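Visitor: I am new to this structure. Please take me through a single part of it, slowly enough to follow on screen.

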Amino acid sequence: MKTSGNTVLITGGGSGIGLALTEALMRSGNQVVICGRRRDRLKAVQARMSGVYFRVCDVSKARSRQALVDWLLSEFRQLNVLINNAGIQRQVNFLKGPKDLREADNEVATNLMAPIHLSAQLLSHLRGKKEAAIVNISSGLAFTPLAFVPVYCATKAAVHSWSLSLRHQLRNTSVRVFEVAPPMVATELAGERNRPEVGDYVMSAEAVADGVLKALDQNQYEIALGAAANLLAERDSLFSAINR
Ligand SMILES: NC(=O)c1ccc[n+]([C@@H]2O[C@H](COP(=O)([O-])OP(=O)(O)OC[C@H]3O[C@@H](n4cnc5c(N)ncnc54)[C@H](OP(=O)(O)O)[C@@H]3O)[C@@H](O)[C@H]2O)c1
């Protein structure tokens, strides 16, 4: 897959991994469109990088998604890459009963249903392009859950499963399906005050963006980065061990 000359939509492009992807894709000579809920974040990215287009959109809401798709299909007919990156992560303690589940529906809507719907809504357009891609940002936690964010992990496991099926269904089309599973990344995913430092197990958002571009360049359709690679490898070896 080429890594320049694309027109790319990055959901959640105003911060973290999405922002690093915006920078990397702009540097490589792509047209980039970003969306998110916070206008100020999106405007700040555009102020720093002229040439980035943005639209305020809550991808967890059907009407907001449809408005985004209508806008894209009228203004960016050359769109050929969708990066499903927007995500949220919440702690859920089942010992507290249903109270802690208030945010869970939104987690499922944002992390799982939004990528599924956006991909379905854009697919016939993408199929009309000579070279096109859907890139799903999953997580190492798709393979081994972290119990205090149980719904988040379940959504990422589901994104992994859905990516496999989508890749298979689209195998004879021009649309390639990529899944990139980062390890823990130094972003605000767990909240502004809980941003981890880059270290042995924590990657920078920029390194994740490099990994995505490398995956595209080398047609590596499923890639786990940094410490997430161990989680995927262990799952694969356990799977072969119990399925002899
Ligand atoms: N950080 C990690 O450790 C890690 C590890 C593995 C995978 N990931 C995945 O990487 C992706 C990016 O996360 P990040 O780490 O970069 O965190 P982040 O900095 O919090 O970025 C998440 C982005 O998603 C956007 N977003 C959230 N809900 C949205 C909605 N309903 N509609 C539109 N945009 C929405 C946010 O913008 P607004 O708030 O303005 O909407 C934000 O720009 C996520 O899918 C996450 O699960 C992260």
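Guide: Start at Val 151, which sits in helix H5, residues 150–169. Helices here are DSSP runs of H or I with at least four residues, strands are E runs of at least two, and both are numbered from the N terminus. Residue numbers start from 1 along each chain as its sequence is written. The model is predicted, with local features needing pLDDT of at least 70, side-chain atom pairs counting only at pLDDT 80 or more, and totals for chains, interfaces and linings using all residues.

Is Val 151 buried or exposed? Val 151 is buried, because 22 other C-beta atoms lie within 10 Å. The cut-offs are these: 20 or more other C-beta atoms within 10 Å of a residue's own means buried, 12 or fewer means exposed, and in between is partly exposed, with C-beta atoms placed from the backbone.

Now look at what surrounds it. Set aside residues up to four places away in sequence, and Val 151 touches Arg 90, Val 92, Ala 104, Glu 107 and Val 108. Contact means that two C-beta atoms, placed from the backbone, lie within 7 Å.

Next, follow the chain to Leu 170. Val 151 and Leu 170 are 19 residues apart along the chain, and 28 Å separates their C-alpha atoms.

Ala 228 is buried because it has 27 other C-beta atoms within 10 Å. Beyond its neighbours within four places in sequence, Ala 228 is in contact with Gly 140, Ala 181, Pro 182 and Pro 183. From Ala 228 to Leu 82 is 146 residues in sequence and 23 Å in space, C-alpha to C-alpha.
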